[in-house]
Amino acid sequence: MKLTHFDPAAFLAQHWQQTPLQIRNPWDDWQCPVEPDELAGLACEPEVESRLVVQTGPEIWALKQGPFDAERFAVLEGSPWTLLVQAVDHHVPEVAALLSQFRFVPNWRIDDVMVSFASTGGGVGPHFDQYDVFLIQGRGRRRWRVGQICDEATPLRPHQELKLLADFEEKAVYDLGPGDILYVPPGVAHDGMALDDDCMTLSIGFRAPSRAELVTGWSDHVLDQLTDDDRYADPGLAAQDNPGEITAEALDRLQAMVLEALGDREQFARWFGASNSTPKYPDIDWKPEEPLALGDVRGALDEGVPVLRNPASRFSFVREGEGVVLFVDGETFECLAEVADLAADICGADEMTVEGATPAMVDLLLALANMGSIAFAGDEDDCDDEG
Ligand code: SIN
Ligand code: CO
């Protein structure tokens, strides 16, 4: 499935992080990549994050966290409801394949694909998200109302978990059918309501670190490397007229101590790459049941078997000198020469064939395969989540 009638460059220039956009079925041949039953099945799995929002009255929403018993869905009658399942791309390859159409945004900004299924009138209520989202109508129809720009100060209703807006200032209404997309930038109020009993929405969600997360994470990392004897020193101290003053010179030295420690760009790149590539659900173990050996990898490559990235894995890299530093699921790999090219290629494609692999390339692929971050096509067991 391809986003044929869509111009990523124009979209990025005119709408990304700026204004909502309705995109009328831009696909060559839209087919919803997941069935309602499959979604309900995932919502019963303990390692899958899911929620059920039931509208128990006008303007009243109730939230229940999964996992759910299969019987729970049988009794959902009367009140409009929505079932929401997070990271469906990690479990359904056809949903993961959708993401490849949105890689005009870098890997490190992509979060996951959440899928919702709703009965007529169902929705999660008026809210805003901190992140960009493409809301793709998978099947059925949904009415989206788009509202005002919100921030931390925007008044919310009392229900803590649902974070619903106290007021909604409607600016535009879009009725979406199968294949249609609504892009919503961060902070823009929106409210979706299912128009029929077969309403499925796939949300391609992005992530953006807050300044607070960056400062805390990076400074914690720097702190771990500082020693107690790395201290303020003032040889050649000049006698002061007023001993009560903290002089500008002293402040300059003190602040320089902090900024120097935090300003190491190369270390920052490594810390950020590794922490940003930590899996969304680190407790899920994707390792193969039996570890692979060098010969298994060599054999698969010799047969031309494609390398597949695990959709639940996070891959990115930074350039450093002549090489690249590869980050996969929180692990860091220093790659030079042909291994650097391989690392960059794996980050750029969900699936690839590797020709003429050198021993160093095989070593990297073996390490990644044994982490469960890649598998060889057709070898489904190698990418099986065993919880
Ligand atoms: C939904 O799919 O019902 C909610 C998605 C969203 O508003 O972000
Ligand atoms: Co939303």
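In which sense do strands S6 and S9 pair, and over how many bridges? Let's start there, everyone. S6 and S9, the latter spanning residues 181-184, pair in the antiparallel sense, and four bridges link them. Before going on, a reminder that what we have here is a predicted model.

Let me stay with S6 for a moment. Leucine 135 has leucine 182 as its bridge partner in S9. There is also a pairing between S6 and strand S11, residues 199-206, again antiparallel, this time over six bridges. In S11, the residue opposite leucine 135 is serine 203. So is S6 buried or exposed? Seven of the seven residues in this strand, 133-139, are buried, so S6 is largely enclosed by the rest of the structure.

Which elements supply at least two residues each to the lining? Among them are S6 and S11, along with strand S3 (60-65), strand S4 (81-85) and strand S5 (110-118). Strand S7 (142-149), strand S10 (188-194) and helix H7 each supply at least two as well. By residue class, the lining divides into 14 nonpolar, 17 polar and 14 charged.

Now, follow H7 over to another part of the model. Here we find an open sheet of three strands, in the order S13-S14-S15, with antiparallel pairing. Its edge strands are S13 (315-320) and S15 (331-335), each of which pairs on one side only. On average, and with direction ignored, neighbouring strands of this sheet are turned by 20° against each other. Between S13 and S14, which is residues 323-328, there are six bridges, and the two run antiparallel. One pair to look for on your screens is glutamate 320, whose bridge partner in S14 is glycine 323.

And which helices lie across S13, S14 and S15? One is H7, residues 265-276, which runs at about 30° to S14. Another is H10, residues 359-371, which runs at about 170° to S15.

Note on methods: Residues numbered from 1 in each chain as written. Chains lettered and ligands numbered in written order. Predicted model: local features only at pLDDT ≥ 70, side-chain atom pairs only at ≥ 80, totals over all residues. Heavy atoms only, no water. Buried < 20%, exposed > 50% of the residue type's maximum accessible area, 1.4 Å probe, protein only. Pairing = 2+ DSSP bridges. Axes fitted to C-alpha atoms, helices over the stretch in contact; angles between N-to-C directions. Contact = heavy atoms within 4.5 Å. Nonpolar A, V, L, I, M, F, W, Y, C, P; charged D, E, K, R; others polar.
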